[in-house]
Each structure stands twice: as C-alpha cells, then as structure tokens.
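Hi,

Here is the structure I promised to send over. Have a look at it first, then read on for what turned up.

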Amino acid sequence: MRVLISGAGLAGPCLAHGLRQHGHDVRLFERDAAIDARAQGYRIHINGDGDAALREWLPAEAYEQAVATSCMAGGGVRMAGPDLREFIEIELPPDAAGITVDRLTLRRIMLRDLMDSTRFGAGFSRYELLDDGTVRVFLTDGSTAEGDLLVAADGVNSGVRRQLLPDFPVTVLDSQLIYGRTPLTDQARKLTPPPALEGFLGVGSTDGRRLALAAQRFRRNPADFGLPPADDYVMWGVTAPADVCGPGFFELGAAELLELAAQTIADWAPSLSELVRLGDLDHLMPASVQTSERPESWSPVPVTLLGDAAHPMAPAGISAGVAIHDAGLLASRLVSGAPLLDAVRSYETDMLDYGFAAVATATRNHAGNFQ
Ligand SMILES: Cc1cc2nc3c(=O)[nH]c(=O)nc-3n(C[C@H](O)[C@H](O)[C@H](O)COP(=O)(O)OP(=O)(O)OC[C@H]3O[C@@H](n4cnc5c(N)ncnc54)[C@H](O)[C@@H]3O)c2cc1C
C-alpha cells in the first residue's frame, strides 16, 4: 500500500514507522522547511495510551532513546493560587501516566530513520480523488504525489480536513496563550516553585488568568544519542482572556510577547513574573485556544484524519497522547488485511468516539482547572 501523510509532527511519524515495519510504502510531507524551522522544543506529556502506541509502533531502539531522553520522573500535578501559599495535589486518572518528553527531541528520534521518505518544505495544498480509487496530492513546492491513502496529520488547522470536511465545526475560545521557556540556570531554579521542578504546576486566579509551569530535566542528554545537545529548561504557558492580550496579539515580536506574559501575572507572587522575564526569546509562541465538535459522519474515501487534525481540543495535557494513539490504531487497522476503505471506516468510527470524548474532557478541564 502507498500511504501519503501530510504533517511530520508527532502522530504522522509514529504512523509512518508502524506502516513501514509492515512493508508499506510511506511518504511524509511537511510544510516546515526543516525539523527545527520553528520553536518547537517544548515539554510535552504523552498520556498512557500515547506512550503504549509509541512502544508498540516505533522501532525498539527509537523507543528506548525516547525513554532515555525523557523528563526525570515527575512529581505529579499540583495547583496553586497566585500567592503560591498552598499547593494542592490533583489525583490523576490511571491512564494519565505516560512519558514526558521534549517534543523536538522526540521528533528528531522518530524522523531520524524516516529522512529518506520525508520531504520538508512540501506543504499540502489540495487533493484529488482519482477514478481508479487512489488519491493525488498537490504540494506547495509545485510537486504532486499519488497514493492509495492520504492521511491528515497536519495539526489543528489541517488543510486536508478543510477539503474533506469543509463544515467541520471548530470554535476559537475566548482565551489566548503565550508559551515560552526559561533555561534552568541556578537563578531560574531558585525562582521556580518546587512542584514545577518535580512535575506540573498550574497557578490560576478567578479572573481567568493561568500559568502552567513544568521543568524539562532530561534524564540523558540527546547528544548521547548523536542528536543535537539540549539543556534543561522550565516550560511555561500564560493564558489570559483575549481582551487582556489585545487585538494585535499574533503580530507581536518575541520581546513584546515576553513582556506581555510577564505583565499578565505581574500582580502574582513576584518570583513567577521574574522567571518568565528570564524566558528565551527564541522560544516564544502566541496561540489561540480551539475546540471542536464531532462532525456528521461522511462516506469513506481514501483520505482520513488523525490527531489534532481530527479533533482539535483545548490544552489539557491529553491531545498528544490521543494523537499518537490514533496513529497506532490506524496503523493496526491498515495492516490488518481488511479492504482499505473498511479499515479506514473502522478506524474512524472508534477514533471519533474516543477522540470527541477527549475533546469534552479537555473542555471541562480547561474551564475548571489547568491540567
Ligand atoms: C507549548 C505546547 C505544549 C503542549 N503540551 C502538551 C502536553 O503536555 N500534553 C499534550 O497532550 N499536548 C500538549 N500540547 C499539544 C500537542 O503538541 C498536540 O496535541 C500534538 O502535537 C498533536 O500532534 P499531531 O501530530 O496531531 O499534530 P502536530 O504535532 O501539531 O503536527 C502537525 C504537523 O503538520 C505540519 N503541517 C501543518 N500544516 C501543514 C500542511 N499544510 N502541509 C504539511 N504539513 C503541515 C506542522 O508543521 C506539524 O509539523 C502542547 C502544545 C504546545 C504548543
């Protein structure tokens, strides 16, 4: 089978490995010009389902490297008010346990063996269903490719989804986010509340402002495995109602974003805005918060969706795990020997059930707390 995958983020490369191991011809198309073209080196928790899919579908050596370079064992999830007086431990469901990694490091590990079948700077533009039941994609570099199946792994704003399901209901919520990271120097370590050095800390006030804080402390440096070296850091995300961020939010430069993030929490415990002000200007990212509703069912075609492309959800620490779980499930259905469209339909039925249950959980968590 020839499978075309749009998007080499997290789910796309995992699916590619799964299919390649079973002898299928896989080609990945990535819009970014290079793996590190944008600041993407943030800490990410992958839940138990996602971790299980990585273990099952990555080559053993790649999974071992993902574990070896993952974050030191975490101290769970705690929440606090702006004065940091009390840290309340949150009891997590059993499926929350998984693996916490640096996203760029995991992508480097997954893509290292896929370079011969990955094309960077080749964004999806549109597809065409051909009379013989196959599909042709048109890419932004002017080239085309044909395959038996096209998989959208191109994230929340998926172009493939826009063509397949033009009425797919996505809602942009009324809060915005600034993601950043601060190198874990001695000074930053002193400013970081202890629960965020060991695990995840959510700080929030009743007016909708929130701060997510968690240190990425590599068990082993990626350099030990021939990858570019990486230093420990504290990842942070400042969320605020959209009117706090202002109308020109997405046009702000890095220094302005950093200042806005620090100002947003300036009346909280002073160590928090001090920590944010030490943020790395190369790793600032403005983001909107999106959620979605389950679409009406559609007739199966040789085009399908996974991950954030299939079920955009509010940040809640689960979407990456669900995306990678999708990749594993789709791989298992495609290698099962069932006719292609039956395999696709059976994957989509299950994926939509658990995917939109996860969207509902994420919306509840986003409204109610920060994890
Ligand atoms: C700072 C930050 C922290 C996060 N922390 C967590 C966390 O702790 N836990 C968690 O579960 N989730 C977390 N998330 C969310 C998580 O990153 C996503 O849910 C996850 O990456 C989704 O995987 P995916 O493969 O579906 O999409 P992505 O990883 O977003 O990959 C999509 C890929 O498609 C590419 N692409 C886009 N358009 C095109 C196109 N037209 N053609 C070709 N390629 C295209 C993109 O460049 C990208 O490489 C976090 C997100 C951010 C920004």
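Before the first number, a quick definition: the radius of gyration here is taken over C-alpha atoms, and the rule for a globule is 2.2 Å times the number of residues to the power 0.38. Keep in mind that this is a predicted model.

Now the overall shape. For 371 residues, that rule puts a compact globule near 21 Å, and the protein comes out at 20 Å, so the two agree.

As for secondary structure, you'll find 12 helices and 17 strands. One bit to zoom in on is an open sheet of three strands, running in the order E8-E9-E10 with antiparallel pairing. Its edge strands are E8 (124-129) and E10 (144-147), each of which pairs on one side only. From one strand to the next, the twist averages 20°.

Which strand pairs with E10, and over how many bridges? That is E9 (residues 135-139), which pairs with E10 in the antiparallel sense over four bridges. Look there for arginine 136, which stands opposite glutamate 146 in E10.

Cheers

Methods:
Residues are numbered from 1 along each chain as its sequence is written. This is a predicted model: local features need pLDDT of at least 70, side-chain atom pairs count only at pLDDT 80 or more; totals for chains, interfaces and linings use all residues. Side-chain values use heavy atoms; hydrogens and water are left out. Two strands pair if DSSP finds at least two bridges between them. Helices (H or I, at least four residues) and strands (E, at least two) are DSSP runs, numbered from the N terminus. Axes are lines fitted to C-alpha atoms, for helices over the stretch in contact, and angles run from 0 to 180 degrees between N-to-C directions.
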